[in-house]
Amino acid sequence: MDKVSKILLPVMVKKGLGGAAVSAQICFYADEWGKDRFDAISYTKGVLKLSVRDSIDAGEVQMDSEKIIDFVNKKIGRQIVKRIRIVNSN
């Protein structure tokens, strides 16, 4: 994915879709880390929004939030995600 993103990202930026591409990539990496524990909904202005099924999952995600942020930022290659917002999908 890294090779494709290096080619596509500049093209998408020229078309005005750079933010959407980065947001999608961040959500993809968050979902990769979560492995069905949560669903990444969106990313905007440093905030990654995650949807959980219940309060138990929310507590676990809250405890792991720094690990999730570190994982995603390392995959992206810069400190872009600042915090996580957890929402209940019910």
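Guide: We shall discuss the strands, the core, some individual residues and the salt bridges of this predicted model.

Visitor: Let's start with the strands. How do β1 and β2 pair?

Guide: Strands β1 and β2 pair in the antiparallel sense, over 5 bridges. Within this pairing, A40 has L50 of β2 as its bridge partner, and D39 stands opposite S51 in β2.

Visitor: And what lies between those two strands?

Guide: The two strands form a hairpin with 2 residues between them. In the turn, K45 has a positive phi of about 50 degrees.

Visitor: Which way does β3 run against β2, parallel or antiparallel?

Guide: Strand β3, residues 83-88, runs parallel to β2, and 6 bridges join them. One example is S51, whose bridge partner in β3 is V87.

Visitor: Is β2 enclosed or open, then?

Guide: Strand β2 is largely enclosed by the rest of the structure, because 5 of its 6 residues are buried.

Visitor: Changing topic: how many residues are in the largest nonpolar core?

Guide: That core has 19 residues. The members that touch the most others are I26, L48, L50, I68, V72 and V81. At least two residues each come from α2 (18-34), β1 (39-44), β2 (47-52) and α4 (65-76). Helix α2 supplies the largest share, 5 residues.

Visitor: What is V81 in contact with, apart from its neighbours within four places in sequence?

Guide: With those neighbours left aside, V81 is in contact with I26, Y43, G46, L48, I69, V72 and N73.

Visitor: Now S65. Buried or exposed?

Guide: S65, which has its place in helix α4, has a relative accessible area of 12%. The cut-off for buried is under 20%, so S65 counts as buried.

Visitor: What does its side chain reach?

Guide: The side chain of S65 reaches the backbone oxygen of Q62 at 3.0 Å.

Visitor: Where is Q62?

Guide: Q62 is in helix α3, residues 55-63. Its relative accessible area is 49%, and Q62 is partly exposed. Q62 and I86 are 24 residues apart along the chain, and their C-alpha atoms are separated by 7.7 Å.

Visitor: On to charges. How many salt bridges does a search of the whole structure find?

Guide: The search finds 5 salt bridges. In one of them, the side chains of K75 and E32 meet at 3.8 Å, N to O. This pair links distant parts of the chain, with K75 in helix α4 and E32 in helix α2, 43 residues apart.

Visitor: Why would such side chains pair at all?

Guide: Side chains of opposite charge can pair when their charged atoms come close.

Visitor: How accessible are K75 and E32?

Guide: K75 is partly exposed at 38% relative accessibility, and E32 is partly exposed at 33%.

Visitor: And which residue does D57 form a salt bridge with?

Guide: D57 forms a salt bridge with R53, and their closest N and O atoms are 3.4 Å apart. D57 is buried, with a relative accessible area of 16%, whereas R53 is partly exposed at 44%.

Terms used: Residues are numbered from 1 along each chain as its sequence is written. This is a predicted model: local features need pLDDT of at least 70, side-chain atom pairs count only at pLDDT 80 or more; totals for chains, interfaces and linings use all residues. Side-chain values use heavy atoms; hydrogens and water are left out. A nonpolar core is a set of buried Ala, Val, Leu, Ile, Met, Phe, Trp, Tyr and Cys residues joined through side-chain atoms within 4.5 Å. Buried means under 20% relative accessible area, exposed over 50%, partly exposed in between (1.4 Å probe, protein chains only). Helices (H or I, at least four residues) and strands (E, at least two) are DSSP runs, numbered from the N terminus. Contact means heavy atoms within 4.5 Å. A polar contact is a pair of N or O atoms within 3.5 Å; within protein, one must be able to donate a hydrogen and the other to accept it, and residues adjacent in sequence count only if both atoms are side-chain atoms. Two strands pair if DSSP finds at least two bridges between them. A salt bridge is a side-chain nitrogen of Lys or Arg within 4 Å of a carboxyl oxygen of Asp or Glu.
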